Amino acid sequence: MGITLIDLLLVALGGIFGSLVRWQCIEALPSMGLGVFIVNQAGVFIAGFVAYRIKTSIRQRLFWITGFAGGFTTLSSFAYLLHESTPVSGIFQAAESLLVSLLILKLVKPRVKS
Amino acid sequence: MRLLPFILGAGIGAPLRYAIDKFLRAKYVFPVGILIANVIGSFILGYNNTNYFIMGFCGAFTTWSAFMIDVDRELAFRRRTAINIALTFGLSIAAVAAGFALAS
């Protein structure tokens, strides 16, 4: 269960790729707030989809979930935006992001037949 | 030159988060690794948000997707999940403020 160089490299490459796509997406969207919200939700969808919907190897998950989705989404920029917001607006934005992400994951997970 | 430092930052940030998370997940049930990465990354971004190496590093080091996957998976453990959410938001915003204050 150790960490190999190839695992680190896969996460690094996925992280670079995801970060570059995030940069382009946020620049293309009208505001930083909307940009961070969209990339974070899209990243949760990608991570959830790869984790729950498709058959993947451990290394494919390292590249797409840990690397790509991890690099694509960001908490530092979100925290920066919240730090600039009023407390009421901040709580609303945090709750909104949390609930939308939980809904996305609920929808992306296959239903368990009972 | 903006691209090269950004790529370098992201290329260090993502595997560093992975290594910290993997190391700590073997020891604790609580996702401490992701929390630590998010708080430290927020502190650094609060200190400087104009440098492209830092922008690449913090964006890749911190993560929303891994945080949410943990919250979703541990939703039944209400107390632990509530603590994770409160600590992630509380400490990350405080870390941005601390970094910002240190720089000014």
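This is a predicted model: local features need pLDDT of at least 70, side-chain atom pairs count only at pLDDT 80 or more; totals for chains, interfaces and linings use all residues.
View 1. Helices here are DSSP runs of H or I with at least four residues, strands are E runs of at least two, and both are numbered from the N terminus.

**View 2. Step back and take in chain B, with its five helices and zero strands.** Its pattern along the sequence reads α-α-α-α-α. The radius of gyration is 14 Å, close to the 13 Å from the globule rule for 104 residues, so chain B is as compact as a globular protein of that length. That radius is taken over C-alpha atoms, and the rule is 2.2 Å times the number of residues to the power 0.38. The C-alpha trace spans about 45 × 30 × 20 Å along its principal axes, and 51% of the 104 residues count as buried.

**View 3. Now zoom in on α1(B) packing against α2(B).** The two helices meet at an angle of about 145 degrees, their axes 7 Å apart. Axes are lines fitted to C-alpha atoms, for helices over the stretch in contact, and angles run from 0 to 180 degrees between N-to-C directions. On the α1(B) side you'll find B:Arg17, B:Ile20, B:Asp21, B:Phe23, B:Leu24 and B:Arg25, and they meet B:Val32, B:Gly33, B:Ile34, B:Ile36 and B:Ala37 of α2(B). Contact means C-beta atoms, placed from the backbone, within 7 Å. By class, this contact has seven nonpolar, one polar and three charged residues. Nonpolar covers Ala, Val, Leu, Ile, Met, Phe, Trp, Tyr, Cys and Pro; charged covers Asp, Glu, Lys and Arg; the others, Gly among them, are polar.

**View 4. This one shows where chain B touches chain A.** Chain B puts in 37 residues and chain A 36 residues. On the chain B side, α1 (3–25), α2 (32–47), α3 (52–61), α4 (65–73) and α5 (78–103) each supply at least two residues. The largest share, eleven residues, comes from α1(B). Sorted by class, the chain B side has 21 nonpolar, 13 polar and three charged residues.

**View 5. Look at α4(A) crossing α5(B).** The axes of α4 (residues 76–84) of chain A and α5(B) come within 8 Å and cross at roughly 75 degrees. The two are therefore roughly perpendicular to each other, a label for angles of 65 to 115 degrees (under 35 is roughly parallel, over 145 roughly antiparallel, the rest oblique). A:Ala79, A:Tyr80, A:Leu82 and A:His83 make the contact with B:Ser92, B:Ile93, B:Val96 and B:Ala97.

**View 6. Last stop: B:Trp64, in the loop between α3 and α4 of chain B.** B:Trp64 counts as buried, with 30 C-beta neighbours inside 10 Å. Among the residues it touches are A:Asn40, A:Val44, A:Leu75 and A:Phe78.

Technical notes: Residues are numbered from 1 along each chain as its sequence is written. Chains are lettered from A and ligands numbered from 1 in the order in which they are written. Two residues are in contact if their C-beta atoms, placed from the backbone, lie within 7 Å. A residue is buried if 20 or more other C-beta atoms lie within 10 Å of its own, exposed if 12 or fewer, and partly exposed in between; C-beta atoms are placed from the backbone. Lists of a residue's contacts leave out its neighbours within four places in sequence.
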